[in-house]
Amino acid sequence: MGVPGEEEYRTKGVTYCPHCDGPLPLFKGKRTAVIGGGNSGVEVAIDLAGIVEHVTMLEFAGEMRTDQVLQDKLRSLKNVDVILNAQTTEVKGDGSKVTGLQYIDRTSQTTHELALSGIFVQIGLLPNTPWLEGAVERNKMGETIIDAKCETSLKGVFAAGDCTTVPYKQIIIASGEGAKASLSAFDYLIRTKAAE
């Protein structure tokens, strides 16, 4: 988010991995916020709603740009509020943990504060792939495009992990994809060597 208090309270209430931290007792029965109203943000809010007391979703834009089926599910939940045109400006805390956040209503330019215990940042990920520019094909998000065997558009070059087009950015998935990429690379090498 790049706002005051974010770095200070990282892992003390500010989190970027809801599937790692959300189900833990840390936030059970507490008030939380999700920053970002895209598909991943809405999915996180839906998941959290079954665990926490209340979820407030803050979306910077004036409308949600997520799949309608997810919007419908989100709006059916009684313990979720959605605030549009909200620009998070500060993470509040007591020195040891998050106690709330401050945001500006971009329409009225009024400042508001929410009391809460957890902030789940879901405003998108940028893969660290600019160094691959021109070498392998990437999508508009910068993710390296791979096939089922983890091969890139450059024959004999394989990729794995969160920087690829594989869905569900989780360490366990990246680890499995790494194993698959190494097996595919090994298979490529032995077949290439045999053909020489």
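Guide: Buried residues account for 38% of the 196 residues in this protein. The model is a predicted one. Its C-alpha trace spans about 70 × 35 × 35 Å along the principal axes. The protein has four helices and eight strands. Read from the N terminus, the elements run β-α-β-α-β-α-β-β-β-β-β-α. Now look at contacts between residues at least 6 apart in sequence: 48% of them join residues at least 24 apart.

Now to the sheet. Five strands build an open sheet, in the order E1-E8-E2-E3-E4, and their pairing is parallel. Strands E1 (14–15) and E4 (80–83) are the edge strands, each pairing on one side only. Inside the sheet, E2 runs parallel to strand E8 (residues 118–121), and four bridges join the two.

Pick out Thr32 here. Thr32 sits in strand E2, which covers residues 31–35. Across in E8, Gly118 stands opposite Thr32. Is Thr32 buried or exposed? Its relative accessibility is 1%, so Thr32 counts as buried; the cut-off for buried is under 20%. Now see what surrounds Thr32. Leaving out residues up to four places away in sequence, Thr32 touches Phe27, Leu48, Val52, His54, Val55, Thr56, Leu116, Gly118 and Phe120.

Follow one of those contacts, Val55. Beyond its neighbours within four places in sequence, Val55 is in contact with Thr32, Val34, Ala45, Leu48, Ala49, Asn79, Val80 and Asp81. Val55 also belongs to the largest nonpolar core, which has 17 residues. Val55 is among the residues with the most contacts inside that core, along with Val34, Val42, Leu48, Met57 and Leu74. Which elements supply at least two residues each to this core? They are helix H2 (39–49), strand E3 (54–58) and helix H3 (68–75). H2 gives the largest share, six residues. There is also a second, separate core of 14 residues, and Ile35, Ala86, Val98 and Leu101 are among its members.

Val14 is in strand E1. With a relative accessible area of 2%, Val14 is buried. Setting aside residues up to four places away in sequence, Val14 touches Glu6, Tyr9, Val91, Val98, Ile119 and Val121. One of these, Val98, is a member of the second core. Val14 and Leu26 are 12 residues apart along the chain, and their C-alpha atoms are separated by 12 Å.

Thr11 lies in the segment before E1. Thr11 is not a glycine, yet it has a positive phi of about 70°. Is Thr11 buried or exposed? Thr11 counts as exposed, because its relative accessibility is 72% and exposed means over 50%.

Another pair of strands deserves a stop. Strand E5 (residues 86–93) pairs with strand E6 (residues 98–105) in the antiparallel sense, over seven bridges. Gln87 has Ile104 in E6 as its bridge partner. Four residues lie between the strands of this hairpin, and Gly95 takes a positive phi near 100° there.

Finish in the loop between E8 and helix H4 (171–195), where Thr165 lies. Thr165 is partly exposed, at a relative accessible area of 30%. Its neighbours within four places in sequence aside, Thr165 is in contact with Asn139, Glu143, Thr144, Ile145 and Ile146. Cys150 is 15 residues from Thr165 in sequence, and the two are 9.6 Å apart in space, C-alpha to C-alpha. Tyr168 is also found in the loop between E8 and H4. Tyr168 is exposed, with a relative accessible area of 64%. Tyr168 has a positive phi of about 65°, although it is not a glycine.

Last, step back to the charges. The protein has 20 positive and 25 negative charges, and their mean positions are 3 Å apart.

Conventions. Residues numbered from 1 in each chain as written. Predicted model: local features only at pLDDT ≥ 70, side-chain atom pairs only at ≥ 80, totals over all residues. Heavy atoms only, no water. Buried < 20%, exposed > 50% of the residue type's maximum accessible area, 1.4 Å probe, protein only. Contact = heavy atoms within 4.5 Å. Pairing = 2+ DSSP bridges. Lys, Arg positive; Asp, Glu negative; His and termini not counted. Charge placed at Lys NZ, Arg CZ, Asp CG, Glu CD. Core = buried A, V, L, I, M, F, W, Y, C linked by side-chain atoms within 4.5 Å.
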